[in-house]
Amino acid sequence: MTSIGLAQIAIVLIAVVVAAIPLGGYIARVLAGERTLLSPALSPVERAFYRLAGVDPAREQSWLSYTMAMLAFSVVGFASLYALQRLQAYLPLNPQGFGGVPADLAFNTSMSFVTNTNWQNYSGESTMSHLTQMLGLTVHNFVSAATGLAMAFALVRGLSRAESPTIGNFWVDLTRSTLYVLLPISIVVALALVALGVPQTLQASIDATTLEGAKQTIAIGPMASQEAIKELGTNGGGFFNANSSHPFESPNALSNMLEIWALLVIPFATAFAFGRAVLDFRQGRAIAITMMIVLVAGVLVAYWAEAGGNALLTAIGVDPSPGNMEGKEVRFGPAMSALFAAATTGTSCGAVNAMHDSFMPLGGLVPLFNMLMGSIAPGGVGAGLYGFLVLAIIAVFVAGLMVGRTPEYLGKKIEAREMKLAMLAVLIYPLSVLGFTAVSVMLETGLASLNNAGPHGLSEILYAFASATDNNGSAFAGLTGNTLWYNTTLGAAMLLGRFAFVIPVLAIAGSFAAKKKVAASVGTFPTHGPLFIGLLIGVIVILYLLQYFPAIALGPIVEHFALLAGKTF
Amino acid sequence: MSHKVAAPGLFDAGIIRRAAIDAFKKLDPRRLARNPVIFVTEIVSAVVTAFFVRDLLAQNGVASFSGQIAAWLWFTVLFANFAEAVAEGRGKAQADALRRTRSDTHAKRLVDPQNRSRMKDVYEGVSALDLRLGDVVLVEAGDLIPGDGEVIEGVASVNESAITGESAPVIREAGGDRSAVTGGTTVLSDWITVKITAAPGSTFIDRMIALVEGAQRQKTPNEIALSILLSGLTIIFLIVCVTLWPLAIYSGATLSITVLIALLICLIPTTIGGLLSAIGIAGMDRLIRFNVIATSGRAVEAAGDVDTLLLDKTGTITFGDRMADEFVPIDGVSERAFVEAALLASLADETPEGRSIVALAKNVLGFSTPNLGADAKIVPFSAHTRISGVDLPGRTLRKGAVDAVAANVRSVPVDFERAVERISRAGGTPLAVSENGRLLGVIHLKDIIKPDIKSRFAALRAMGIKTVMVTGDNPITAAAIAGEAGVDDFIAQAKPEDKLSYIRREQQGGRLIAMCGDGTNDAPALAQADVGVAMQTGTQAAREAGNMVDLDSDPTKLIEIVAIGKQLLMTRGSLTTFSIANDVAKYFAIIPALFVVAYPELEALNVMKLASPQSAILSAVIFNALIIIALIPLALRGVPYRPVGAAALLRRNLLIYGLGGLIAPFIGIKIIDLAVSAIHLA
């Protein structure tokens, strides 16, 4: 670890916080339906949308109608994306003449984009037609993120309102999130990326003559705009397979820092927006600080593991001072690769600027554990906040008992119903991640996709299901995902991770909204101070360590000790 | 206070013996199903026992190991049952004593209660169990009152020690706020006729028996929420253990079902699962031994949540009667002369005010008791004149309400009026003294705040509880007393409906209210309050309306009731934290043990340096079982509550039960491992 590396990490994170606080205020205003700076320009567009869709923006929904609207939207999104892929051979804008996408891959891809996962079991340039890319995938980059933000605010409204039968209007939240939050910031970030040298053109490719005189076709396209929403919407699906390690997607150190900033800024801003929405800035700040501590801890472990180099290579005389550079870009180095890895898995982005598969065992454990924790530090757009709040509810329940009161969070009593729903949501993760991993390692077809044996192979499967369940989309690589088994099970894991988790969350929102607000007193334990932050970190680490310790012990941990002992698999 | 029903000690030998037997009876799966964590433990104990039998028959060399695991799993279940049985046992001992007061009661039922003239004579002897609602019974000196009811005629002194433990008799009379009698109590003198208001089986004593026995025990809301959390964790760890099997096969290790079950039992929250119902029963029991009967566990939990405490001024904050505090002579009268006159005027006055004047004159100002002499003529206090006094030869001493005394004097000096005004403004009652038609001065009577009450309010404030004083006094008086006693708010000139509307208003603001009351006009407010404590001396209506009855009729006990409620929740929370934190150490014991053959490198995780894989697993299981036994005293006594504010409490409990829960098992498992390997159990 070098002081320059640490300084780089610090600069990016400080820039995130500096931008996230005002952005949080803005997001809170947008989702409260208030006028903002952009209202003069955007509200005619917004109203036109409502008129077109026949939505009355003033009419709020109960949690059940809200959920139904969200599900209906997702089902339609899924079905249309599936149809688009299957039928692309008969549809226009297919210059390469690609055939229909096979059923299992189309299922996986549709699920992947509807759930904001962006897991890609295919190569974009050789599978998807332009129409599919533009009408299907790009649209979902925006709306799946907006859906996440909408659901998070449904829960926030549940906490901030008292004795209310409704939690907002899904269509309004979706529209405003896209129009006022994601689109404008995407445009700004896209232009900044263009300024830093990322191509943005409708031209398909450039024919170049290399120094040797050979002809080369270099693919380009509207990359900067794609790149911006890839990070901002915590989507992660890159223009190229190499993702942000490709020199066009991220040409230099500055563009790399901007991209890390872009993938962290909205999730952190959402935490601050939460504080504004519940009229107590400190509540949002406590959550943002907790997220930051968990994130930084991961970054430091990964950086430490990567900067130390590979003991096996050191033993045969390789200089360890540049760190473990396998699978890393020289223009980024271990510090920025570690930060990117932790940030992309701490959010549910999944973009990469280095090969996580090539990280040291403990370096690779960081992105894996980040996802096993459900990507809550700081989490995907919206998804991070609601995932985090579920954990906060469980933490507050246990802590609340310890101070001798019926536990309450922001004045809302946590009773049997909320506990049942929170546990239901929390159960989904181990069920999906451990369940699918266990079945996969027992099946011939599951093991056939592995490129590595031993603990590393187990890490690859575990990583894939963690990534899918978590709606992250980052791949450890080393696992051939485009098989019937993995297309289907990974798709199912994405489905569970998104909807089986969020339906109980929305039910909690409804249940909280209907409750009275309990007045706070000295006897109420404060949920904004260092004690609460410490408690949250303790609960998060212990809860997830207990769930996944056996699995990670058999994966990265044993690999680490084996490597120290000079053993490979 | 002498308790007739002596509270048994925490580990009374008789209770322990009975609990040990009950622990086996409770193995019945139908009863255990109420407790998911222990139910799962029982099922897997049976499974491991089956494997033990198989190992024994197959003689594969692991029978000793699986036998020991099976035994300790059964111990885990038995220890949990034992904890519950001990908690119940203490209540049962009390219930038996109470039941004896009920079983052999005979009632004298009036044949014709309408006929008032000769109703005392005509009655029939029936068993108390045959009494119906509305029956009227005669209870004479020496008789047990056969059931709960209302005195409709007569006055009697009643010994209520059977339920209150208080041996001093109380007066029960028809009409007013002291008309309620309780079955099982004894009339000491005189006679009363009682209209029965509770059917046999639902009397106060019956309810008390059911409560102390825990027979009617239903899970409280908070306990249900916690059970859900524990069940959820159990399911999560089931998933972890079931999926570990294929992961182990992939890793080249074959795990036996026995060790997977051992891991499961170590991970699921058996500690809190095993102690949860004992904590609930013990909480109720603490309240009962504190002489408060709660009608439901829900009320006890609500007590922990109380934000606002409504307290009557008289009898709770101040002593029931006003007392002399100061003698203020008017100009031209020496203090000595005035005090002497006041003393003489009060000597024969047996009212508390009169006695307090004598006491002040004697104790504070050093007067000795003068002799009134034979020819003194005492003028007793009458509500009509509002004056009392004494006529001595040549001296006519009068003492009483200012306006009444002033009406009979020649002139009212300005400094007298000034003194009266000053006393009134300070919330006191001025009492005028005159001699031969001339005013001598004013006695300042004031409410005397109970000596320790101010510090108790400070403690409540530290707990985050607001205290509100309710008084019939005018706002000026109320404010003065409120300031002196240190309450946060007061309701002056309070009518019964004011209490009710105050409670409603506070509840609207999201606060939980506790109050106590005894009169029938308190009943609506008692019913509306989240925690309504009725006094045992109160009316039947009040007792029905509240959700707790205080047998000692001591309103200040609300403070302890709140603490008991908080303690109940804190004990649950702390043991849950402890139970979950324990799991970390168990992983470090078991995971390396499970996989050390497949991956010898994992020996690095064996930070406790446990002797062998088998002893590591066995030690973790033994620790897991023994910790339940070790924590029974804490579960029954409760985690101590200190009124220091939520943040400080949480910090303290997190340190003890969170951090302690992380560290303790590392030490405990290591010690057990040393013992296990020393005597070659594994």
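A pocket is an open set of points on a 1 Å grid over the protein atoms alone, where a 1.4 Å probe fits, with protein on both sides within 12 Å along at least five of seven lines; lining residues have an atom within 4 Å of a point. A volume is the space filled by probe spheres set on the points.

This is a predicted model, and local features need pLDDT of at least 70. Residues are numbered from 1 along each chain as its sequence is written.

| Pocket | Volume | Lining by class |
|---|---|---|
| Largest | about 1,000 Å³ | 20 nonpolar, 19 polar, one charged |

Asp, Glu, Lys and Arg count as charged; Ala, Val, Leu, Ile, Met, Phe, Trp, Tyr, Cys and Pro as nonpolar; the others, Gly among them, as polar.

The largest pocket has 40 lining residues, and those closest to its centre are A:His130, A:Gln133, A:Gly221, A:Pro222 and A:Phe239. Helix α6(A) gives the largest share of this lining, seven residues. Helices are DSSP runs (H or I, at least four residues), numbered from the N terminus.

The second largest pocket is lined by 32 residues. Nearest its centre lie A:Gln120, A:Asn241, A:Met355, A:Ala475 and A:Ala477.

**A buried threonine**

A:Thr234 sits in the loop between α8 and α9 (253-277) of chain A. A:Thr234 counts as buried because its relative accessibility is 0%, and buried means under 20% relative accessible area (1.4 Å probe, protein chains only).

Notes
Chains are lettered from A and ligands numbered from 1 in the order in which they are written. This is a predicted model: local features need pLDDT of at least 70, side-chain atom pairs count only at pLDDT 80 or more; totals for chains, interfaces and linings use all residues. Side-chain values use heavy atoms; hydrogens and water are left out. Helices (H or I, at least four residues) and strands (E, at least two) are DSSP runs, numbered from the N terminus. Buried means under 20% relative accessible area, exposed over 50%, partly exposed in between (1.4 Å probe, protein chains only).
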